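Reader: I have a new structure to look at. Where do I start, and how do I read what I see?

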Amino acid sequence: MEDMMPLMTRATERTSHVVRAVGPEWFGAPTPCEKFDVKGLINHLEWVAELFESLGRGGPRVEQGPYAGDFPERAGRMLAVWSRSEAWEGTSPAMGMPMTTLAHMYLVDMVVHGWDLAKATGLRYEPEPEAVSRALDFSGRMVEMGRRRGAFGPPVAVPDDAPEFDRLLGVIGRDPAWTP
């Protein structure tokens, strides 16, 4: 918890900054996350925040609701729940995974989806190097499960000496050179 909470918080802040800057004129634009346009991706982030808030309380998996435009507020509530030491204990009854694994899943979502939105809208986004390293390590270990569950796409080839963030994107199925 001691090292992950600050990473989760800063990644959430960076992604929230991008979300706040996205105007409704961008809502129909495509994103590197092929499942979603810009509005759909922000709605997905709202659900991610709500889901991880529930899981951090030991609660159930929640369904995604309609777009509400309140991702930063939901993310703040999620971070408040995970700032409690008991949120990190044991295994999630709803997901059947260790709570630390769920925290890493959340970090990957924040780091990558912040980039997705920035690429789609032309906004600036710079992920924190330590968060990228942690997300790359975790994703590399969980890639097969992530693909089976539909969270990651097929790998995208990037050079071995590419920056860590490009390698993270490639591992989870994003093209670092994506353009709208």
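Author: Start with one word. Buried means under 20% relative accessible area. Exposed means over 50%, and partly exposed lies in between. Keep in mind that this is a predicted model.

Reader: Which residues of helix α6 are buried?

Author: Helix α6 covers residues 164–172. Its buried residues are Phe165, Leu168, Leu169, Gly170 and Ile172. There is a general idea behind such patterns. An α-helix has 3.6 residues a turn, so residues three or four places apart point the same way.

Reader: What covers the buried residues of α6?

Author: The cover includes α4 and α5.

Reader: What follows α6?

Author: Gly173 does, and its phi is positive, near 100°. Gly173 belongs to the segment after α6. At a relative accessible area of 24%, Gly173 is partly exposed.

Reader: Which residues does Gly173 contact, leaving aside neighbours within four places in sequence?

Author: Contact here means heavy atoms within 4.5 Å. By that test Gly173 is in contact with Gly153, Pro154, Pro155 and Val156. Look at Pro155 in particular.

Reader: Now the chain's other end. Where is Glu2 found, and is it buried or exposed?

Author: Glu2 sits in the segment before α1. Its relative accessible area is 70%, so it counts as exposed. The C-alpha atoms of Glu2 and Glu86 are 13 Å apart, and the two residues are 84 places apart along the chain.

Reader: How does the lining divide by class?

Author: Sort the residues into nonpolar, polar and charged. The lining of the largest pocket has 21 nonpolar, 6 polar and 7 charged residues.

Reader: Let me try a single residue. Where is His113, and is it buried or exposed?

Author: His113 is part of helix α4. Its relative accessible area is 5%, so it is buried.

Reader: Which side chain forms a polar contact with that of His113?

Author: Such a contact pairs N or O atoms within 3.5 Å. Here the partner is the side chain of Asp116, at 2.8 Å. Then look beyond residues up to four places away in sequence. His113 touches Cys33, Leu41, His44, Leu45, Val108 and Arg174.

Reader: His44 is on that list. Which C-alpha separation involves His44?

Author: The one with Gly65, which is 21 residues away along the chain. Their C-alpha atoms are separated by 9.0 Å. Gly65 lies in the loop between α2 and α3 (71–82). With a relative accessible area of 32%, Gly65 is partly exposed.

Reader: And loops elsewhere? Where is Glu128?

Author: Glu128 is in the loop between α4 and α5. Glu128 has a relative accessible area of 12%, so it is buried. Setting aside residues up to four places away in sequence, Glu128 touches Leu7, Arg10 and Arg14.

Reader: Last topic: rings. How many aromatic pairs does the whole structure have?

Author: A search finds 4. For each pair, read the distance between centres and the angle between planes. Planes over 60 degrees apart count as edge-to-face. The rings of Phe27 and Tyr67 have centres 5.4 Å apart and planes at 65°, so this pair is edge-to-face.

Reader: Where in the chain do Phe27 and Tyr67 lie?

Author: In distant parts, 40 residues apart. Phe27 is in the loop between α1 (4–21) and α2, and Tyr67 is in the loop between α2 and α3. Phe27 is buried, at 17% relative accessible area. Tyr67 is partly exposed, at 31%.

Reader: What kind of pair do Trp82 and Trp88 form?

Author: Their ring centres are 5.1 Å apart and their planes are at 90°, so the pair is edge-to-face. Trp82 is buried, at 0% relative accessibility. Trp88 is buried as well, at 9%.

Conventions
Residues numbered from 1 in each chain as written. Predicted model: local features only at pLDDT ≥ 70, side-chain atom pairs only at ≥ 80, totals over all residues. Heavy atoms only, no water. Nonpolar A, V, L, I, M, F, W, Y, C, P; charged D, E, K, R; others polar. Helix = DSSP H or I, 4+ residues; strand = E, 2+ residues; numbered from the N terminus. Buried < 20%, exposed > 50% of the residue type's maximum accessible area, 1.4 Å probe, protein only. Polar contact = N/O pair within 3.5 Å; in protein donor to acceptor, adjacent residues only side chain to side chain. Phe/Tyr/Trp six-rings, centres within 6.5 Å; stacked < 30°, edge-to-face > 60°.
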